[in-house]
Amino acid sequence: MIINYCDEMNLLSDDNKSLMDRACEIAFEHETGISKAPVEISVTIVDADEIREINAEYRGIDKSTDVLSFPQYADSE
């Protein structure tokens, strides 16, 4: 499993990064039942203003939120 972090504002401490690494591993194992599979997760750390902008752009909801997730591949319909 590869986990990429984008944290341009240095908001993520090393301890929190370790916790996020483990949370991703546990979630993936629970979801698939596979602990070692080729998967890549990208995590972008942003402040409340930036996540509000992203939420408004992609979901039409003009307020901040805790988490947004996006699939790697969109349906081709």
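Predicted model: local features only at pLDDT ≥ 70, side-chain atom pairs only at ≥ 80, totals over all residues.
Reader: What makes the pair formed by Asp62 and Arg52 a salt bridge?

Author: In Asp62 and Arg52, the closest N and O atoms are 2.9 Å apart. A salt bridge is a side-chain nitrogen of Lys or Arg within 4 Å of a carboxyl oxygen of Asp or Glu. The value of 2.9 Å lies within that cut-off, and the pair is therefore called a salt bridge. Asp62 lies in the segment after helix H2 (48-59) and Arg52 in helix H2, so the pair ties together parts that are 10 residues apart in sequence. Helices (H or I, at least four residues) and strands (E, at least two) are DSSP runs, numbered from the N terminus.

Reader: Why is Asp62 called exposed and Arg52 partly exposed?

Author: Buried means under 20% relative accessible area, exposed over 50%, and partly exposed in between, with a 1.4 Å probe and protein chains only. Asp62 has 53% and is therefore exposed, whereas Arg52 has 32% and is partly exposed.

Reader: How many salt bridges does this rule give, and which residue does Arg22 pair with?

Author: The rule gives 2 salt bridges. Arg22 pairs with Glu25, their closest N and O atoms being 3.1 Å apart. Both residues lie in helix H1 (residues 14-32), 3 residues apart, about one turn of the helix. Arg22, at 41% relative accessibility, counts as partly exposed, and Glu25, at 32%, counts as partly exposed.

Reader: What makes phi of Asn10 worth a remark?

Author: Phi of Asn10 is near 55 degrees, a positive value in a residue other than glycine. Most residues other than glycine have a negative phi. Asn10 lies in the loop between S1 and H1, and its 67% relative accessibility makes Asn10 exposed.

Reader: In what order do the elements of the chain run?

Author: The chain has 2 helices and 2 strands, and from the N terminus on they run β-α-β-α. Of its 77 residues, 13% count as buried.

Reader: Which residues of the largest pocket lie nearest its centre?

Author: They are Ser42, Val43, Thr44, Leu68 and Ser69, in a lining of 20 residues. Strand S2 (40-44) and H2 are the elements that give two or more residues to this lining. The largest share, 5 residues, comes from S2. A pocket is an open set of points on a 1 Å grid over the protein atoms alone where a 1.4 Å probe fits, with protein on both sides within 12 Å along at least five of seven lines; lining residues have an atom within 4 Å of a point.

Technical notes:
Residues numbered from 1 in each chain as written. Heavy atoms only, no water.
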